[in-house]
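Dear colleague,

Please find below the structure that I am passing on to you. My notes on what was found in it follow directly after.

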Amino acid sequence: MDALAEKISGAVDLLRDMLSETALKIWEFAETGGNEFKSSSLLTDRLEENGFAVERGLAGKFPDNGELCDMPTAFRAVFGEGGGTSVGIMLEYDALPNGHSCGHNLISAAGLGAALALKQVICGTGGRLVALGTPAEEGGAPGKIELLHAGHFDGLDAVMMAHPSDRWNAKSRFLSIVHPKNGGIVYRGAAAHASSEPERGRSALDAVLMFCQGVEFLREHVRDGTRMHYSIVDGGSAPNIVPDFAKVNIFVRSDDTADLERIKHRVTDIAGAAAVMADVSCELEWDYPWFSPVEVPSFYSLAEECASAVGVNPEDFEDYDSFGSTDAGSVGRIFPLVHLDFKIAPLGTNWHSDDSARAARSREGLDGMIMAAKTLALSLGRLMTDPETTRRIKEEFAAHGSGHSF
Ligand SMILES: [Zn+2]
């Protein structure tokens with residue numbers, strides 16, 4: 001272990017009790033997206049006590065209409081003057097309706113630990129450290145994209161966060177995702193008695209069924225790496241009433257952001273064609289997408305090296321692509337990003353389940369969080385103390401990101 005790794009590792013070890021207690025409290029709070037008031041205030045108090053300049057409650061900006069939105073549980077905590085390398089750590093702390101089954105309590109504890117440990121090594125480097133509290137990753141309220149558009153990430157050279165998982169992985173690949181606003185596509189037809197006067201009816205459900213069928217035919221003609229999944233939200237109320245209202249929701253995902261846009265247009269055509277066939281009207285407005293991050297392999301390697309330097313067994317690392325999506329992906333489109341997965345549960349554990357919620361407060365979970373805090377702090381510490389590495393990562397990011405727009 002070199003001097004920096006030793007220093008950071010020792011600093012995180014000293015924080016272990018406080019970080020574990022913070023993680024367990026946030027687990028108990030189990031606040032869902034946009035409601036993380038107690039979690040956010042616990043984290044900001046800890047950061048402020050440790051010398052960070054904290055701004056509690058931020059204004060976000062919607063990318064599609066430019067309107068500002070209140071984000072009372074978001075925060076920005078800054079340490080350092082700037083002038084050198086500026087790095088960001090993202091903290092998530094929202095729960096799902098079934099509790100902390102995604103383990104975001106450990107994301108924030110690991111981020112807090114990394115921020116506090118890193119603070120001790122950045123004095124004198126001229127660097128700046130920004131801990132960003134990013135609410136509602138699981139949905140329900142504005143999150144990272146609105147913070148990005150409002151400029152809260154501006155000036156950062158690189159960004160990291162750590163997410164619990166059933167294995168370690170630094171390869172931060174996610175699918176872009178887009179879905180309709182307002183919970184789905186709405187069809188409106190005309191109600192009628194389904195048996196005595198069916199000719200007077202226009203079935204909104206027919207349009208939904210033809211839409212789904214159209215998506216199934218489309219599925220054959222899209223690239224590998226595409227995902228389309230839908231659910232019928234409202235399919236009518238009784239068999240003897242021709243449904244005058246029906247609603248279907250769909251998520252479209254792709255590992256290629258440009259292709260996502262093309263597929264979205266085809267799905268729009270299918271939605272409209274289904275309405276024509278059923279002689280009903282169609283309402284579809286797409287929400288803004290979450291993007292895939294730009295690939296930065298040398299940043300991923302740096303994180304892996306730092307993980308082994310602080311004692312993570314390299315065999316616990318698995319090279320895999322996530323077929324999930326996260327709003328962190330959009331951050332990774334603008335800034336070099338590592339979204340580090342760290343192991344807190346046996347391989348194959350179902351996520352968003354009671355098992356993963358238990359893991360997020362287990363001994364193994366807290367141990368993983370500590371190792372993740374060390375890895376984040378050491379990786380970012382390397383960037384702050386080694387401008388050459390930072391330059392290389394930024395160049396690689398620029399090369400892989402060229403041609404993409406936000
Ligand atoms: Zn998650």
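In what follows, two strands are said to pair if DSSP finds at least two bridges between them. Please bear in mind that this is a predicted model.

On that basis, six strands form an open sheet with mixed pairing, in the order S1-S2-S4-S3-S5-S11. The edges are taken by strand S1 (53–61) and strand S11 (337–343); each has a single partner strand, so one side of each is left without a neighbour in the sheet. From one strand to the next, the twist averages 25 degrees.

Within the sheet, strand S2 (residues 68–79) runs antiparallel to strand S4 (residues 128–133), and five bridges join the two. Valine 78 has valine 130 in S4 as its bridge partner.

Helix H10 (residues 363–385) lies across strand S3 (86–91), S4, S5 and S11, and runs at about 165 degrees to S5.

Finally, there is the metal site. Cys102 (SG), His104 (NE2) and His163 (NE2) coordinate the zinc ion at 2.1 to 2.2 Å. Along the chain, these donors follow the spacing C-x1-H-x58-H. Are cysteine 102 and histidine 104 buried or exposed? Buried means under 20% relative accessible area. Cysteine 102 therefore counts as buried, at 9% relative accessibility, and histidine 104 is buried as well, with a relative accessible area of 0%.

Yours sincerely

Methods:
Residues numbered from 1 in each chain as written. Predicted model: local features only at pLDDT ≥ 70, side-chain atom pairs only at ≥ 80, totals over all residues. Heavy atoms only, no water. Donors = N, O, S within 2.8 Å, 3.2 Å for Na, K, Ca; no water. Buried < 20%, exposed > 50% of the residue type's maximum accessible area, 1.4 Å probe, protein only. Helix = DSSP H or I, 4+ residues; strand = E, 2+ residues; numbered from the N terminus. Axes fitted to C-alpha atoms, helices over the stretch in contact; angles between N-to-C directions. Contact = heavy atoms within 4.5 Å.
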